[in-house]
Amino acid sequence: MSSNHADLQARSPWALQDVTRASMFPATRPIDADLVVPGSKSFTNRALIVAALARGTSRLSGLLRSDDAYWCIEALRSLGVKVDVAEDEVTVHGIAGSWPNANGRIYTGAGGTTARFLTSALAAGTGEWYVEGSKRMNERPMGVLFNTLRDLGATIEPLTKGQDTLPVQLIANGLRGGRVQMSGSVSSQFISGVLIAAPYAKAPLTVEITDTIVQHAYVHITLDMMRAFGSEVVANAHLSEMTVSPTGYQGRDYEIEADASTACYFWAIAALTGGRVRVKNLSYDTRQPDVHFVDVLKDMGCAVDIGGQGIEVRGPARLRGGLTISMKEMSDQALTLAFLAPFADGPIAITDVEHIRHHESDRLAAICETLSRLGIEVEERRDGVTIHPGTPSGTLLSSYDDHRVAMAQAIMGTRVQGIDIDDPGCVSKTCPMFFDKLKEIGVNVTLA
Ligand SMILES: O=C(O)C1=C[C@@H](OP(=O)(O)O)[C@@H](O)[C@H](O)C1
Ligand SMILES: C=C(OP(=O)(O)O)C(=O)O
């Protein structure tokens with residue numbers, strides 16, 4: 001079970017503490033609730049790093065208090081950035097592109113955002129750092145990003161022979177600017193990382209994408225955030241070419257929006273229990289791609305209301321299957337869809353998500369192993385899965401030290417008797433309050 005493999009050092013003081021198991025109990029009636037969800041991980045970590053690089057002070061409100069944000073803040077503090085946190089408000093005293101601590105060890109935790117964005121931001125400064133992540137982050141791909149930063153002038157020496165991953169020794173002397181070519185097919189975060197650092201390059205920097213970007217929307221979120229902090233960026237419609245001027249950032253007050261990825265678990269519960277859930281603090285207008293999970297739920301027979309305050313999902317008597325769904329552009333929800341799929345009236349094929357094998361776990365393997373343990377027929381492909389309708393029989397499940405695996409498994413537990421989740425504390429990466437929120441909307445869960 002995952003607790004043997006869980007990297008508990010990557011859990012933060014903000015994590016859900018001292019729990020080894022979550023026991024889920026099926027809902028005795030459809031879940032009918034309104035709720036608010038915490039701040040977006042993607043906006044939180046971008047805002048923290050951009051505000052740290054900026055001239056002047058920034059006040060960020062709506063901060064997500066989770067492991068990813070905690071380690072991002074700690075990494076910035078270890079670089080000498082003054083960051084003051086009060087509840088969900090944070091004041092960041094910007095360093096105008098020049099890191100006060102020009103050497104030392106920087107720990108990124110398990111966050112792909114911190115690892116990719118901060119490594120790039122360091123390369124734009126001057127210094128010599130040892131950068132490492134959690135056990136899993138040290139295995140996740142970094143090569144495309146490292147090669148681009150090397151091309152721009154950084155020296156990056158991996159400490160594990162034969163692997164272009166963290167941990168690394170990074171010697172930075174600024175980025176030269178000019179033109180670089182990058183692949184976006186493994187992670188959009190490589191592109192976001194280079195863009196975030198680019199206002200501190202010595203000359204304008206143009207990033208050209210040589211293939212596809214797995215999740216375009218996150219690059220749009222990056223560009224929006226950069227512009228909000230005063231950066232000048234020109235991008236074409238498909239994001240195949242983006243040019244950043246060397247203007248730096250200007251600190252400001254900024255409100256972080258709520259997390260659409262977290263909201264999806266609650267909409268999925270409405271879908272699965274034939275209930276109704278309204279997430280009050282999200283708008284369909286957001287750039288966050290996972291908001292489009294409600295479109296998938298609509299295709300599966302749910303009613304979706306995007307007018308009024310927030311977004312509401314109402315579940316049908318039986319979910320519709322017989323669908324092939326590309327999850328490439330909202331792949332964090334591939335797990336959520338996979339664990340709803342057995343309850344549909346026909347097979348569901350999830351396609352175009354090979355890159356999720358490189359996330360917090362090999363998520364395609366986690367889907368197949370979890371569903372097989374529950375007695376559900378599933379076919380695994382290199383870049384997707386097909387899941388057949390069935391009646392899962394509850395058992396103890398490994399959460400693979402992956403927040404999204406645990407949160408999506410918990411949803412199944414609102415319909416299936418006997419689902420226990422090992423090491424539920426892994427939800428803390430993006431939502432330490434996940435089980436409290438479940439209780440708040442009437443889901444029966446016990447933590448031990
Ligand atoms: O930039 C971001 O905030 C993110 C980009 C995506 O990563 P990949 O592009 O690596 O899949 C997404 O899965 C992750 O949760 C957040
Ligand atoms: C892939 C994820 O995270 P990250 O890459 O930011 O670690 C996620 O939150 O599902």
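In this predicted model, ligand 1 has 13 residues around it, and the ones that come nearest are Ser42, Ser187, Ser188, Gln189 and Tyr218. Two elements each give two or more residues to this shell, namely helix H3 (112–123) and helix H5 (188–197). H5 supplies the largest share, with three residues. Sorted by class, the shell around ligand 1 turns out to hold ten polar residues, two nonpolar ones and one charged one. As for where this ligand sits, domain 1 (2–38 + 258–447) and domain 2 (41–255) both give residues to its shell, so ligand 1 lies between them.

Helix H5 also has a helical partner. Its axis and that of helix H6 (residues 216–228) come within 9 Å, and the two cross at roughly 15°. Since angles under 35 degrees count as roughly parallel, H5 is roughly parallel to H6. The handedness of this H5–H6 crossing is right-handed.

Now for the other ligand. Ligand 2 is surrounded by Gly111, Gly112, Thr113, Asp332, His359, Glu360, Arg404 and Thr430. This shell has no nonpolar residues at all; instead, five are polar and three are charged. Both domain 1 (2–38 + 258–447) and domain 2 (41–255) give residues to the shell around ligand 2, so this ligand lies between them.

A further helix pair is made up of H7 (residues 260–273) and H11 (residues 403–412), whose axes come within 9 Å and cross at roughly 20°. H7 and H11 are therefore roughly parallel to each other. When H7 passes H11, the crossing is right-handed.

Two spots in the backbone deserve a look of their own. Most peptide bonds are trans, and most residues other than glycine have a negative phi. Leu166 and Pro167, however, are joined by a cis peptide bond, with omega at about -5°. Pro167 sits in the loop that runs between strand E8 (155–158) and strand E9 (168–173). The other spot is Asp352, a residue other than glycine whose phi has a positive value, near 70°. Asp352 is found in a loop too, this one between strand E19 (348–351) and helix H10 (363–373).

Finally, there is the database view of the chain. An unreviewed UniProt entry lists residues 29–438 as "domain: Enolpyruvate transferase". Over that stretch, residues 29–438, the chain is 30% helix and 24% strand.

How values were computed: Residues are numbered from 1 along each chain as its sequence is written. Chains are lettered from A and ligands numbered from 1 in the order in which they are written. This is a predicted model: local features need pLDDT of at least 70, side-chain atom pairs count only at pLDDT 80 or more; totals for chains, interfaces and linings use all residues. UniProt positions are given in the numbering used here, feature names are shortened, and annotations may be inferred rather than shown by experiment. Helices (H or I, at least four residues) and strands (E, at least two) are DSSP runs, numbered from the N terminus. A residue is near a molecule or strand if its C-beta atom, placed from the backbone, lies within 6 Å of it. Ala, Val, Leu, Ile, Met, Phe, Trp, Tyr, Cys and Pro count as nonpolar, Asp, Glu, Lys and Arg as charged, and the others, Gly among them, as polar. Domain bounds come from an automatic or database domain assignment. Axes are lines fitted to C-alpha atoms, for helices over the stretch in contact, and angles run from 0 to 180 degrees between N-to-C directions. Angles under 35 degrees count as roughly parallel, over 145 as roughly antiparallel, 65 to 115 as roughly perpendicular and the rest as oblique. A crossing is left-handed if the near helix is turned anticlockwise from the far one by less than a right angle, and right-handed if clockwise.
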